[in-house]
Amino acid sequence: MYEDFLKEAENFIFVENEPEPADIIFVPGNGYPQMAERAAVLYKEGYAPYILPSGRYSITNGKFAGVLAKGEKYNGDYDTEWEFLADVLIKNGVPKQAVLKEDRATYTYENAIFSRQVTDRMGLQVRKAILCCKSYHARRALMYYQRLFPEAEILVCPSCTDSISKNNWKDTEKGIDEVTGEITRIIKQFSLMMK
């Protein structure tokens with residue numbers, strides 16, 4: 001039973017879909033380049049005409065926390081998560097005109113809220129979207145974007161940024177803390193959304 005519970009938990013948290021042609025690719029704000037790099041690959045493979053990175057900085061830090069991986073390649077002076085993610089996209093071959101802008105969000109739910117405002121202002125009807133996020137952040141990010149885009153099918157194409165994956169999260173204290181922390185945040189935040 002214990003192993004069954006762990007399997008259910010990881011299947012719940014680590015959402016992943018095969019990419020399909022979509023109207024847009026969303027990248028929630030963060031300091032890791034891997035999600036934007038994945039979005040750039042999907043863009044260049046023709047999966048969507050736009051990418052919308054989102055984010056100012058974490059509300060808990062009050063400023064952009066900095067580049068958390070591959071700093072030698074992405075070494076700009078970034079004030080916001082959006083500036084960083086846009087630079088990653090452009091350095092990976094995405095033309096500037098395909099990179100949309102949302103630079104106000106300070107947490108994941110705001111990423112979704114403000115991204116919806118951007119697509120509404122553009123008049124872009126999102127029927128299908130790809131969400132490029134951190135692997136163990138997938139369920140919570142999907143929950144928020146699905147809430148703001150209820151008419152859309154959202155496909156999650158995550159990236160493993162800090163060596164925590166569906167296959168190994170149980171092997172380290174950090175992995176256990178991150179994944180169980182996500183479960184806790186989902187429960188608390190979902191209850192607030194329902195009220």
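## Sheet

Two strands count as paired if DSSP finds at least two bridges between them; strands (E, at least two residues) and helices (H or I, at least four) are DSSP runs, numbered from the N terminus. In this predicted model, an open sheet of 4 strands has the order 2-1-3-4, and the pairing is parallel. Strand 2 (51-53) and strand 4 (153-156) are at the edges with a single partner strand each, so one side of each has no neighbour in the sheet. From one strand to the next the twist averages 25°, with axes taken as lines fitted to C-alpha atoms (for helices over the stretch in contact) and angles running from 0 to 180 degrees between N-to-C directions.

Residues are numbered from 1 along each chain as its sequence is written. Local features need pLDDT of at least 70, side-chain atom pairs count only at pLDDT 80 or more, and totals for chains, interfaces and linings use all residues, while side-chain values use heavy atoms, with hydrogens and water left out.

## Strand pairing

Strand 1 (residues 24-27) runs parallel to strand 2 and is joined to it by 3 bridges. Strand 1 also pairs with strand 3 in the parallel sense, over 3 bridges. Ile-25 stands opposite Ile-51 in strand 2 and opposite Ile-130 in strand 3.

Between strand 3 and strand 4 there are 4 bridges, again in the parallel sense, and here Ala-129 stands opposite Ile-154 of strand 4. Strand 3, helix 5 and strand 4 form a right-handed β-α-β unit; right-handed means that, with the strands pointing away from the viewer, the path from the first strand over the helix to the second runs clockwise.

In a regular strand the side chains alternate between the two faces of the sheet. Strand 3 is covered on both faces: Lys-128 and Ile-130 on one side, and Ala-129 and Leu-131 on the other, are all buried (under 20% relative accessible area with a 1.4 Å probe, protein chains only).

## Aromatic pairs

Rings of Phe, Tyr and Trp (its six-membered ring) pair if their centres lie within 6.5 Å; planes under 30 degrees apart count as stacked, over 60 as edge-to-face and the rest as tilted. The count by this rule is 7 aromatic pairs. One of them, Phe-26 with Tyr-145, is tilted, at 5.0 Å centre to centre and 35° between the planes. Phe-26 belongs to strand 1 and Tyr-145 to helix 5 (residues 138-148), so the pair ties together parts 119 residues apart in sequence. Both residues, Phe-26 and Tyr-145, are buried.

The ring centres of Tyr-74 and Phe-84 are 6.3 Å apart and their planes are at 85°, so this pair is edge-to-face. Tyr-74 lies in the loop between strand 2 and helix 3, and Phe-84 in helix 3, 10 residues apart. Tyr-74 and Phe-84 are buried. Together with Phe-64 and Tyr-78, they form one aromatic cluster.

## Contacts of Asp-87

Asp-87 is placed in helix 3. Leaving aside residues up to four places away in sequence, Asp-87 touches Tyr-74 and Tyr-78, where contact means heavy atoms within 4.5 Å. The C-alpha atoms of Asp-87 and Tyr-74 are separated by 7.5 Å, and these residues are 13 apart along the chain.

## Charges over rings

A charge sits over a ring if NZ of Lys or CZ of Arg is within 6 Å of the ring centre and within 35 degrees of the ring normal. The charged end of Lys-101 sits over the ring of Trp-82, 4.9 Å from its centre. For Arg-104, the charged end sits over the ring of Phe-114, 3.9 Å from its centre.

Notes
Buried means under 20% relative accessible area, exposed over 50%, partly exposed in between (1.4 Å probe, protein chains only).
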